[in-house]
Structure formats: structure tokens, C-alpha cells
Amino acid sequence: KKAEKKKDLSCNKRMLKLILLVAFLYGLYRLAFFIVAKTTRISTSTIKSKSVLITGCDTGFGQMIALRLDQIGFRVYAACLLQKSVDDFKKLPSVSNRLIPFVMDVTDQNSVEAGFQFVKNSLQEANKEDSNSEPLLYAIINNAGILKFSFFELTKFSDANLMIQVNYLGLLRVSQAFLPLLKSSQGLNSPHPLLPLRGSLSSRLINIASVAGRTSVPTLSAYCASKFAVEGLSDGLRRELSFWGIKVVIIEPGVMKTPLYKEFENPEFAKNYWNLMTPDQKETYGEEYVASIWKMLAGEIEKGGDPQLVVDALEEAVLAKYPWHRYAVGKDAMLWIVWSYLPAWIGDLVFSGSSSKRSKGGLLPKVTELALKK
């Protein structure tokens, strides 16, 4: 028995050493990748010949990264939903003629196809004007997105459908339509088996997902589903497009102070939401519970991060020779990422908590409180 115990102890020690070695080597790999991504960038002399398409440039990240890349020297095609946004871009004194705003609705296939023709024709015209370089579509930033808060039971199908159409299918439409321009910028007519191993100057597809694409939370179920879809599509595309020399990068912002959460700027939001509920729904949820949930969410958004952090990550994803596969951005992002790797019951516990505590705080639906009191 003693011999068996010693043998088991020896095996456990070897296993622990192996785990520590693997963790150490993985840490070295991440550190090396971090240094390379931060220190190796594409040559500034080649930027003039590179073009970037960005969707969702009406406000937020899209507008900010469009202006940033224009200042750096890229030709930027800023796709906006509204003509007013296009006009506003043209009025900005700091914008150069390299920034070209145009209208494109990512939920409309005809609009996306028209946008493709516009960009393709514009690139061809630029090629004629500049004999010293050949402007190419170097990167696509799929930024267009929308968010609607609601309890799942009360979520309108039209809202859920809109989030899928914009956040996921819009990204898919744009990526699929403009992929030929990304492939042609690589100068390839067929996939190359060695490109996944080299190609530091690869063109790239940059998709803005979310930490909500890693783990799902109450009142955001439909939104999280759309972002989970973006994560899955992006992982598949990264592996598929690597043979064309195209890198796929995922940006995962945490909670940021952007117009995405503009509905919470209205102090009457919770009251208006309550008024839209049916009598049965009001009886089930209770006004105190509804108010407490929106107050909690508004508090989290108030503590949101600086959107410039996301713009910095987007800039690195565009300029780095060897960008990361994923950029989790924001002070709360790592919490969400770690959370996604934990057993499901731990995440469930965070939201359920102690029934007695949460009922005292008014954080349980009215029907649940009544059941607990029985």
C-alpha cells in the first residue's frame, strides 16, 4: 500500500510539473506574440496604396476609427446608414479627400451590392489617377451593430430580428460581397498552402463582436445570440481564409460609453418600458423588479470604458503585421472572458444569488417573491 501511495504521489507530482510547464510555455508564447504585435507594423510608405472599408460610421467606433485611419494616411470608405451622416462627414474640417463616406444599409442585399460596385469603381478610378501605386482594399472593419435591451419574454420579434440582421447577417453580407476585393489585393487566383505560415502583409477582415459573444446575460439574450454568431463565423473564416493570405481578427469590447446604449440616457426609460407591458406582465414582474434591473444596468453603463480603447485596438489590428486573433478591450472584458471558461453553474449562481438577499433588495420578479414567502 505504501508503494502504491508513493507511486500515486509521484504521478501527481509529474502531472503538476507538466501542467506548470505547459502554463509557463503558453505564457511565454503569449508574451512573445504581444511584443511582436505591438512592435511590428506595416511600412508607412505602403499606407497610401491601402484602402479600408468600415461599416456603421454614423456614430461611435465606426466614425472614430474612420477619422483615425484617415489621419494616418489610409484611403477610407466610410459606410453610413443615413445620408445625413455622409453630409456631416463632408462638413468636418479635419477630414481629407482620402475619406470617402457613402450610404450602405448592411441589412439590404441590394444596398450592399451597390456599395461593392461603388468601392470597386472608386478603386479603379484611383488606380488611373495614381500611376505610382495601385490602391487596393486592404482591410474591412465590420463595425455596424445595434443593441436592444429587454426581458426575453417581452422581446419583440422585430427587435430580435433586427439585431440578427445588423450584427450577424449584415456582417456576413458585407464580408461575402467584398471578399473578392480582399483576395485580389493579395494577388492570388487560388489559395496557397503556405500562406497561413507567412504573409505578414496580409489583407484582413476585422469583425467587432463583443464580450457578450463569450457569455450570455439576462435582458441581453437576443443580443448575445447575435454576437455568439459573429464569434463562430469569425473563427471559421479565420481558418478558411488563411489560405488566401487573409487574416481575420475579432474585437471584443466590454461595456463602453457609446451611442449603442443611448436609450439609457433617457431617465424615463424604465417607466416607459413598464408602461408598454401588459397587465399580466406587470402582475408577473412587478414594477419594483423592473426598475431595479434597469437601474443596475444603467449603473454598469455609467461605469463603461473609454471608446478610444477600442479605436486603439482597431488601429493595431489594421497596422500590425501580426495582429492577435482576438482583442478583448475594456476594464471589464477580462472578467467576462474568465467567466466564459468557468463552469456554467458558477455564472448561474452570480445571477441567482441568495434568494433571501435578492428578494429583500427587490431584485426578484414579483411572482417569485410571492412563491418564496409561501
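Mentor: Helices (H or I, at least four residues) and strands (E, at least two) are DSSP runs, numbered from the N terminus. We're looking at a predicted model, so to speak with care: local features need pLDDT of at least 70, side-chain atom pairs count only at pLDDT 80 or more, and totals for chains, interfaces and linings use all residues. Residues are numbered from 1 along each chain as its sequence is written, and side-chain values use heavy atoms, with hydrogens and water left out.

Trainee: OK, what is the strand order in the open sheet of 7 strands?

Mentor: The pairing is parallel, and two strands pair if DSSP finds at least two bridges between them. β3 (99-103) and β7 are the edge strands, each pairing on one side only.

Trainee: How many bridges pair β2 with β3?

Mentor: β2 covers residues 75-80 and runs parallel to β3. The bridge count for β2 and β3 is 5.

Trainee: Which strands does α10 touch when it packs on the sheet?

Mentor: Contact means heavy atoms within 4.5 Å. Axes are lines fitted to C-alpha atoms, for helices over the stretch in contact, and angles run from 0 to 180 degrees between N-to-C directions. The direction of α10 makes about 160 degrees with that of β5. The strands it touches are β1 (50-54), β4 (136-142), β5 (203-208), β6 and β7.

Trainee: In β7, which residue is the bridge partner of Ile251?

Mentor: β6 (residues 246-253) and β7 run parallel and are joined by 4 bridges. β7 (residues 326-329) has an uncovered face with Arg326 and Ala328, while Val329 sits on the covered one along with the residue you want. The partner of Ile251 is Tyr327.

Trainee: What is the handedness of the crossing of α4 and α5?

Mentor: The axes of α4 (residues 109-129) and α5 (residues 157-185) come within 10 Å and cross at roughly 25 degrees. The two are therefore roughly parallel (under 35 degrees; over 145 is roughly antiparallel, 65 to 115 roughly perpendicular, the rest oblique). A crossing is left-handed if the near helix is turned anticlockwise from the far one by less than a right angle, and right-handed if clockwise. For α4 and α5 it's right-handed.

Trainee: And how far apart are the axes of α5 and α6?

Mentor: Residues that meet there include Met163 and Leu171 in α5, and Tyr223 and Leu233 in α6. α5 passes α6 in a right-handed crossing. The packing angle is about 15 degrees, and the axes are apart by 7 Å.

Trainee: Is Thr219 buried or exposed?

Mentor: Thr219 sits in the loop between β5 and α6 (221-241). Its phi is near 70 degrees, a positive value in a residue other than glycine. Because its relative accessibility is 7%, Thr219 counts as buried.

Methods. Buried means under 20% relative accessible area, exposed over 50%, partly exposed in between (1.4 Å probe, protein chains only).
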